[in-house]
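This briefing is meant for a reader who is meeting the structure for the first time. Please keep the sequence and the model open while going through the points below.

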Amino acid sequence: MQTHRRIAFILLLICGGLSMPAVASSLTVLTSFSESPIKAMVEGFRQRHPEVRLEVIYRRTLSAQRLLTQADGAPVDVVLSSSPTFFHSLDKAGLLARLPVRTQPPTWLSPHILGLDGKVAVVGYSGIGILYNRRYLAKHRLPVPTDWQSLADPAFMGHVMMSSPSQSGTTHMMVESILQQYGWRQGWAILMQIGGNLSAITARSFGVSDGISRGLAGAGLVIESYARTSQAHFDYIGFTPLHQGVILPTYLAVMQTSQQSALAARFIDFLLSAEGQAIVGTSEMAKVTLTEPGLAQQTEFVLDKELLYRRASLLKVLFDQTITQQLPALRLTWQGIDEAGANGEPRRAALIAQARTLASTPPLSEQQTQDPALLALFDDVYEGGKASPQAERAQQRWRQMAQDNLKAAMALVEQAAQP
């Protein structure tokens, strides 16, 4: 009898007479944002679509890019980030699908959107600026920073934090913004003087806002959404927007390998709905919504996107060799320059001026960075590829040139100090 019942049960399963519990549909989102700003968005979508299991993978742009370009990487349906170069690299590798729904960003935001029509949706945007800790500034008797040059001021030596463009897509946009706004030579002079003032370079961009909120530094460059989040929790956090900086839209794309285009369409529709936009504008996600044109219309500077994309990898490498790898020497050299003082003596003033020039000069001129062969050397360095022997030799050469410049600058400072 028991055997007959077991056979009957199996036959019912085969014929569909018994139904097994339905397996929930699943959508996997990869984002370069931290968990805090994404949490409200995830919870809102889950409430609207409880039948969908939404999973989120958090990665900084560098590791996210490597994850997505690896053949055995985790399956991902949707990517969410503020880094256009990240999406440009994914598209160049043929990894982005056409969007499953038609989206149209506002015309007032269009000048700030960096390409990939039909493959990325824009769900919000943010500005950039300087986050600062009022208590820290008061303790160290520092002024409120008002522009890029404020962070390069000798008064801020040891009191500044930032991330690296190789680790953070938004930091890359800020660095490129400085170089395009001020020009190659002056832009690098500002960056290298800021480098001399750095207390740390964080592994991720939100590490800057976290460190400043905790009192580990006084000020730093951040995307405005991180500033809004910090200000919502700490009343001593201030923020100076840089309207001569850049606007950073929040982009969303669907992976070519995704089998969940219908769910991805639901996710996009949700974020663009009134309910989704309300979440985008909360203090947690802290983006400016697509119904608020003020910030975008007030921001005057628009990046040259072709230049941004063309030298993206080279710029990341150059920043790491010139600033990230030189932090102790940068600090020591700029401290020596700032403490030397000319005292009205022409000879000393000339030596210090030479030292300042050496400490402000990158290993490459802007003309050299336009060489297609040189640019090609670094195309895959941050896209999951391994640097070629030629690229490694170039990096070593630039690192050595940066070290030599700083040593020569210190020698001039020491010479100026002699009677």
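This is a predicted model: local features need pLDDT of at least 70, side-chain atom pairs count only at pLDDT 80 or more; totals for chains, interfaces and linings use all residues.

- S81 is found in strand β3, which covers residues 78–81, and it counts as buried because its relative accessibility is 0%, with buried meaning under 20%.
- Leaving aside neighbours within four places in sequence, S81 is in contact with S32, F33, T61, F86, F87, P249, T250 and Y251.

**Strands β4 and β10**
- Strand β4, made of residues 121–126, is mostly covered, since six of its six residues are buried.
- β4 pairs with strand β10 (residues 248–254) in the antiparallel sense over five bridges, and within this pairing Y125 stands opposite P249 in β10.
- P249 is also among the residues in contact with S81.

**Aromatic rings**
- The structure holds nine aromatic pairs, and one of them is formed by W184 and W188, which are arranged edge-to-face at 5.8 Å centre to centre with 65° between the planes.
- W184 and W188 both lie in helix α8 (residues 184–197), where they are four residues apart, about one turn of the helix.
- W184 counts as buried because its relative accessibility is 6%, and W188 counts as buried because its relative accessibility is 0%.
- F45, F267 and F270 form one aromatic cluster.

Note on methods
Residues are numbered from 1 along each chain as its sequence is written. Side-chain values use heavy atoms; hydrogens and water are left out. Helices (H or I, at least four residues) and strands (E, at least two) are DSSP runs, numbered from the N terminus. Buried means under 20% relative accessible area, exposed over 50%, partly exposed in between (1.4 Å probe, protein chains only). Contact means heavy atoms within 4.5 Å. Two strands pair if DSSP finds at least two bridges between them. Rings of Phe, Tyr and Trp (its six-membered ring) pair if their centres lie within 6.5 Å; planes under 30 degrees apart count as stacked, over 60 as edge-to-face and the rest as tilted.
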